[in-house]
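Trainee: I would like to go through this structure and ask what stands behind the words used for it.
Mentor: Go ahead.

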Amino acid sequence: MTAVTVKKYLDCLIAKRLVSEDGIPALKCENANFFTLPNEIFLLRLPSSAFLVYAYLLLIEDRQSHTCHPSYNTIAAATGISKNTVMKSISALLEMGLVTVESSSYFDKRGLKWKGNNLYTILPVRVAMDVFYQRQLHQLELDAELRRVLRQQVEYGRRRPRAALCASVSVPAAPDPSQ
């Protein structure tokens, strides 16, 4: 790209008030109807339903406390997946370290205790990435150990060959009783 082309595009962005005169983005949002999704979330290989549930939880979270408390039915209705799939997705998010879940309860007018909606706390994605990398490292260590043991077994078998357990034995044919 030439300097003239860059200047032309920059002037266009300035005219649309997307960039200030000194080249700083000037995006101002009055209603804040958007949220950010961390790039690292794509590296975690989440199932699509868990990805969708995570995005929904980020959408409705309280930005100061990073918590929200929708019901399974609310999440299912908003995302278009079944309640059972929502529950499995929450479990996957919990296992990956993306959220924590606390159960809640409340008392009705008659004093009866009822189960409330879960309280979800959205954890920093860095924690989930660390857990993900630790699992990958552990799996690599297990694979290396398995390869080492298999090599030892092959070497041991080569140095100390054994006769097959079901080796064919030449047995003379039994005489025919009718003779």
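**Terms and the values behind them**

Mentor: Buried residues make up 21% of the 179 residues in the chain. Keep in mind that this is a predicted model.

Trainee: What elements does the chain have, and in what order do they run?
Mentor: There are five helices and five strands. Starting at the N terminus, they follow the order α-α-β-α-α-β-β-β-β-α.

Trainee: What makes Thr 121 a buried residue?
Mentor: Buried means under 20% relative accessible area. Thr 121 has a relative accessible area of 18%, so it is buried. This residue lies in strand β5.

Trainee: Which residues is Thr 121 in contact with, leaving aside its neighbours within four places in sequence?
Mentor: They are His 66, Thr 67, Leu 98, Val 99, Thr 100 and Glu 102. Contact means heavy atoms within 4.5 Å. One of these residues, Thr 67, also stands opposite Thr 121 in the strand pairing.

Trainee: Why are β1 and β2 said to stand at the edges?
Mentor: The three strands form an open sheet in the order β1-β5-β2. β1 and β2 each have a single partner strand, so one side of each is left without a neighbour in the sheet.

Trainee: Which helix lies across these strands?
Mentor: Helix α2, residues 48-60, lies across β1, β2 and β5 and runs at about 90° to β5.

Trainee: Why are α2 and α4 called roughly perpendicular?
Mentor: Angles of 65 to 115 degrees count as roughly perpendicular. The axes of α2 and α4 cross at roughly 80° and come within 8 Å. The two helices are therefore roughly perpendicular to each other.

Trainee: Which residues meet there, and what are their classes?
Mentor: From α2 there are Ser 49, Ala 50, Val 53, Tyr 54 and Leu 57, and from α4 there are Thr 85, Ser 89, Ile 90, Ala 92 and Leu 93. They divide into seven nonpolar, three polar and no charged.

Trainee: What is the angle between α2 and α3, and what is it called?
Mentor: Their axes cross at roughly 105° and come within 10 Å. The angle falls in the range of 65 to 115 degrees, which makes α2 roughly perpendicular to α3. Leu 52, Val 53, Tyr 56 and Leu 57 of α2 make the contact with Thr 74, Ile 75, Ala 78 and Thr 79 of α3. By class there are six nonpolar, two polar and no charged residues.

Trainee: What makes α3 and α4 roughly perpendicular?
Mentor: The axes of α3, residues 72-79, and α4, residues 83-96, cross at roughly 105° and come within 9 Å. By the range of 65 to 115 degrees, α3 is roughly perpendicular to α4. Tyr 72, Asn 73, Ile 75, Ala 76 and Thr 79 in α3 meet Lys 83, Val 86, Met 87 and Ile 90 in α4. This contact has six nonpolar, two polar and one charged residues.

Trainee: What is noted about the phi of Arg 45?
Mentor: Most residues other than glycine have a negative phi. Phi of Arg 45 is near 55°, a positive value, and Arg 45 is not a glycine. The residue is found in the loop between α1 and α2.

Trainee: Why is Arg 45 called exposed, while His 66 is called partly exposed?
Mentor: Exposed means over 50% relative accessible area, and partly exposed lies between that and the 20% limit for buried. Arg 45 has 66%, so it is exposed. His 66 has 37%, so it is partly exposed.

Trainee: Where is His 66 found, and what is its phi?
Mentor: His 66 is in the loop between α2 and β1. Its phi is positive, about 60°, although His 66 is not a glycine.

How values were computed:
Residues are numbered from 1 along each chain as its sequence is written. This is a predicted model: local features need pLDDT of at least 70, side-chain atom pairs count only at pLDDT 80 or more; totals for chains, interfaces and linings use all residues. Side-chain values use heavy atoms; hydrogens and water are left out. Helices (H or I, at least four residues) and strands (E, at least two) are DSSP runs, numbered from the N terminus. Buried means under 20% relative accessible area, exposed over 50%, partly exposed in between (1.4 Å probe, protein chains only). Axes are lines fitted to C-alpha atoms, for helices over the stretch in contact, and angles run from 0 to 180 degrees between N-to-C directions. Angles under 35 degrees count as roughly parallel, over 145 as roughly antiparallel, 65 to 115 as roughly perpendicular and the rest as oblique. Ala, Val, Leu, Ile, Met, Phe, Trp, Tyr, Cys and Pro count as nonpolar, Asp, Glu, Lys and Arg as charged, and the others, Gly among them, as polar. Two strands pair if DSSP finds at least two bridges between them.
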